[in-house]
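Grab your viewer and work through these exercises with the model open. Try each one yourself before you read the solution.

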Amino acid sequence: MTLTTLRIATRQSALALWQSEHVAARLRAAHPDLRVELVPMTTRGDQILDQPLAAIGGKGLFLKELEVAMLDGRADLAVHSLKDVPAELEPGFSLPAILPRADAADAFVSNHHVDLDALPQGARVGTSSLRRQALLRAIRPDLRLLDLRGNVGTRLAKLDAGDYDAIILACAGLERLGLHERIRSRLVAPDWLPAPGQAAIAIEARIDHPAILKHLSALDDADTRLAVQAERAMNHALGGSCTVPVGAWCVVAEHGLHLRGMVGDVRHGRLLQAEATGPHDGAEALGREVAEALFAQGARALLGG
């Protein structure tokens, strides 16, 4: 049977819709005879905004309803920010395409201060990410860290209302929404590591639909897949989720892969870091190697294991 239509399950936030429209445009370009439609829906992660993600089940809350839509036939695929995708997928699903990665740095956003060093003692900084909180605590232990949930527009509005002196967001999200001018400075490796898979868009689909998987695989970017495979393997080996502060950054070079990993402690600002290099065909092994190096430094105590 010829495939004529693809339906994309997507969250309804502005960023999620941008990403889904981007994937739809790429699919239409790759398969001109294919009709591509969006199926917007609200997830529990979008509905519960008064509690930290770590306390209500993690980033997987953003995926569940989209996966249900694929299982019951309302959608054929889902589009995600890869950093929100758990290290281990639900049975029956795969990631047939990971698009080229955008800017993976975090963004320092403030209306009155140019960068993290310029913040006054005791300044209020908003972020819901335990990874970002651990990094902030290590670099500036004097700061007052406050939880910050909601979509990008909501978070910026809270900053503009004076609730925070600065907030930390992803550069890629701001750039995709045309808000590049809000980035005061970029927080980058090696001192600051992004979340595993940050700035990469992933397409999820059922493994029992080979015709759909074949169409989607045309959008896969080999270098991005290698990099995030190493980062996600490290995260998986650590048992990582949004309930633990884990960062990872893999660089794909001509000679091989270089992976740097981090586990943090939000309360005391302690950071454990490790790095290793490996061949292109050893991304998962490289991720496990860095995880073992972090365990050797005492990561289990920070991860609650």
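**Exercise 1.** Which residue is the bridge partner of Ile98 in strand 10?

*Solution.* A bit of housekeeping: this is a predicted model, where local features need pLDDT of at least 70, side-chain atom pairs count only at pLDDT 80 or more, and totals for chains, interfaces and linings use all residues. Residues are numbered from 1 along each chain as its sequence is written, and side-chain values use heavy atoms, with hydrogens and water left out.

Step 1: find strand 10, residues 201-206; strands here are DSSP runs of E with at least two residues, helices are runs of H or I with at least four, and both are numbered from the N terminus. Step 2: look across from Ile98, and you land on Ala202. Step 3: zoom out, and you'll see strand 4 and strand 10 running antiparallel, joined by 4 bridges; two strands pair if DSSP finds at least two bridges between them.

**Exercise 2.** In what order do the 5 strands of the open sheet come?

*Solution.* Step 1: the order reads 2-1-3-10-4, with mixed pairing. Step 2: check the edges, where strand 2 (35-41) and strand 4 (93-98) each have a single partner strand, so one side of each has no neighbour in the sheet. Step 3: from one strand to the next, the twist averages 35 degrees. Angles run from 0 to 180 degrees between N-to-C directions, using axes fitted to C-alpha atoms, for helices over the stretch in contact.

**Exercise 3.** Is Asp106 buried or exposed, and which side chains make polar contacts with the side chain of Asp106?

*Solution.* Step 1: Asp106 sits in strand 5 (residues 106-109). Step 2: its relative accessibility is 0%, so Asp106 counts as buried (under 20% relative accessible area; exposed is over 50%, partly exposed in between; 1.4 Å probe, protein chains only). Step 3: its side chain has a polar contact of 2.9 Å with that of Arg131 and another of 2.8 Å with that of Trp192. A polar contact is a pair of N or O atoms within 3.5 Å; within protein, one must be able to donate a hydrogen and the other to accept it, and residues adjacent in sequence count only if both atoms are side-chain atoms.

**Exercise 4.** Why is strand 12 (residues 256-264) largely enclosed?

*Solution.* Step 1: 8 of its 9 residues are buried, so the rest of the structure largely encloses strand 12. Step 2: strand 12 pairs antiparallel with strand 11 over 8 bridges, and with strand 13 (residues 271-278), also antiparallel, over 8 bridges.
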